[in-house]
Amino acid sequence: MIEDSMQIIPLGGLGEFGMNMMAVRYHDDILVVDAGLMFPRDELLGVDLVIPEFTYLLENREKVRAVIVTHGHEDHIGALAYLLKDLPIPVYGTRLTLGFAKGRLAENGVLEQTELHYIEGRQVLEFGTIRAEILNMTHSIADSIGLAITTPVGTVIHTGDFKLDPSPLNRNLTDYARLSALGERGVLALFSDSTNSERPGFTPSETHVRRHIEQIFHSCRNKIIVACFASSIHRIQIILDLASDFCRRVIPIGRSMKENIAIASELGYLNIPPGVLADISDSRTLSAHEQVILSTGSQGEPLAALTRLAFGKHKDFTVQEGDAVVISARVIPGNESSVSRLVNHFCRRGARVYDESQWTMHVSGHASQEELKLMLNMTRPAYFVPIHGEYRQLYAHTLLAREIGMPDERIILAETGDVLVLKPESVRIEGRAPVGRRFIDAGGIAELDELVVRDRRHLSEEGVILAVVAVNKATGKVEGSPELVSRGHVQEEDGAAFLAEARDVIIAALEECTSEEREDSLVLTEVVRAALKRYFRKRTGTRPMIVPVIYEI
Ligand SMILES: [Zn+2]
Ligand SMILES: [Zn+2]
């Protein structure tokens, strides 16, 4: 008799940061866990986001029963709209997670036709022969879950993103009892979050952050500007509570910040003290010591409101001597220089900047080494597969498993695309599934294939525009006229006229920059890209790939 087996196939997120997605298969039933995106790195010019390829799911489309999303972070829900376009399946998630996901689904025109199912901790769902139990998890966003997935072969636990904070905000506790009970009954394999597997000790509690930010509210006599992710609902709650305690009012700026506050408070995940929220028009009647500005842009994104504040270009607020700027977010690897640039500009305006480097302005939402070991000890899996991380984090996680005494042959270091075959007595990697990355251009309108810069289809349809701008480092002035080179753009016939106009567009856009902005090639790159993108879309209806080259002389 052939031994019964189930397969688990990571379609993204193992060996790379972000883009989390996994297929769980038992015979003719497939359950998908998460559909996340990855934000592209600088070298992928002209690409706005990266999502996994769904080839494996499309090849087995009649078997795919549903997708469960573990929480509302983009690296878990960001690819959902694109998945649903190709494969309309029911979506399961907690209330806040689906609350956040809905916006993106509506933008992409798939909300109407999508079946949404709201779920909560300890609920048990059935997808054909696959059973999934929902496990509450503590994370930096409320309403996060993990899963215990059971088939006749056995039970596997997928932690989602988690930490074991014993004093989380709003009592959002990880379900220790249920995890231990599952461990007692027998867990075939644990799939656990590796994001912080290189960090020793325990991840500090969210209440820690409150204490440190409170000090700033005590000492600052001027405006307080707080930057965090729009999805950091716990952090936003802390700011609202402190503002209320210190008789300040909170003015959220940036679209996603306002939207998320509205969604979370409507669903009851955010408790807004009466009279604390204010909008920009109210702010004119408030003096500086009554204001808290709550903004996105903690990663130094060139076009974000926080960057405009740092450069003194925000139309409603100016940063002044004595203001406090709190950067309450992790700096995502790769963004260090943009963030430190921002800090410099705030300091230049006389603000005092508080970030991770001096105080605990932020705690991670992910478990550190001791917590990861506890998770292994609670669930006592026969096999262990680290997930969510680059190869180094996955590897570090395997060392932790070894440290608690798991034998090597029961620790499996798999990467995206590996097919894990689970049998009652064994878990092995057997073969590969088709995986890859899809590159998406802004607004989800155009999609670019693998290796954008070589993408012949895109280039032949829309072309590429190279804009070369020389800036005098000393004066911040643009030197000479910008050079434009076009290849494969449709308007080849009046090419010259278009390019001349485009050149004027660049000059006009650069003239609007302050000299401070002109000294910063990253800002200029974004300004030129945005201006040309707008110009070509309006003038010709095309979306050529725009590659600004700013060089300082
Ligand atoms: Zn997360
Ligand atoms: Zn994540």
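These questions and answers walk through a predicted model.

Q: Which residues coordinate the zinc ion (ligand 2)?
A: The donor distances run from 2.1 to 2.2 Å. In sequence the donor residues are spaced D-H-x84-D. They are D75 (OD), H76 (NE2) and D161 (OD).

Q: Which residue coordinates both the zinc ion (ligand 2) and the zinc ion (ligand 1)?
A: The two zinc ions are 3.4 Å apart. One residue coordinates both of them. That residue is D161.

Q: Is H76 buried or exposed?
A: H76 gives its NE2 atom to the zinc ion (ligand 2). Its relative accessible area is 0%. Buried means under 20%, so H76 is buried.

Q: Which residues does L294 touch, not counting residues up to four places away in sequence?
A: L294 is one of the residues with the most contacts inside the largest core. Among those it touches are V226, C228, V250, I251 and P252.

Q: How many residues does the second, separate core have?
A: This core includes I225 and F311. V325 and A351 also belong to it. Its size is 44 residues.

Q: Which helix supplies the largest share of the lining of the second largest pocket?
A: About 500 Å³ of space lies in this pocket. Of its 19 lining residues, L303, E512, V527, A530 and R534 are the closest to its centre. α10 (305–310), α15 (495–511) and α17 (521–540) each supply at least two lining residues. The largest share, seven residues, comes from α17.

Q: How many residues in the lining of the second largest pocket are nonpolar?
A: The lining also holds charged residues, seven of them. One residue is polar. The nonpolar residues number 11.

Q: Is M19 buried or exposed?
A: M19 is found in the loop between β1 (6–12) and β2 (21–26). Its phi is near 60°, a positive value in a residue other than glycine. Its relative accessibility is 1%, so M19 counts as buried.

Q: What is the relative accessible area of R122?
A: R122 lies in the loop between β7 (116–118) and β8 (124–127). R122 is not a glycine, although it has a positive phi of about 75°. R122 is partly exposed, with a relative accessible area of 46%.

Conventions
Residues are numbered from 1 along each chain as its sequence is written. Chains are lettered from A and ligands numbered from 1 in the order in which they are written. This is a predicted model: local features need pLDDT of at least 70, side-chain atom pairs count only at pLDDT 80 or more; totals for chains, interfaces and linings use all residues. Side-chain values use heavy atoms; hydrogens and water are left out. On a 1 Å grid over the protein atoms alone, a cavity is a set of points where a 1.4 Å probe fits but cannot get out, and a pocket is an open set with protein on both sides within 12 Å along at least five of seven lines; lining residues have an atom within 4 Å of a point. Grid points are joined across faces, edges and corners, and a volume is the space filled by probe spheres set on the points. Helices (H or I, at least four residues) and strands (E, at least two) are DSSP runs, numbered from the N terminus. Ala, Val, Leu, Ile, Met, Phe, Trp, Tyr, Cys and Pro count as nonpolar, Asp, Glu, Lys and Arg as charged, and the others, Gly among them, as polar. A nonpolar core is a set of buried Ala, Val, Leu, Ile, Met, Phe, Trp, Tyr and Cys residues joined through side-chain atoms within 4.5 Å. Buried means under 20% relative accessible area, exposed over 50%, partly exposed in between (1.4 Å probe, protein chains only). Contact means heavy atoms within 4.5 Å. Donors are N, O and S atoms within 2.8 Å of the metal (3.2 Å for Na, K and Ca); water is not among the atoms, so sites may look incomplete.
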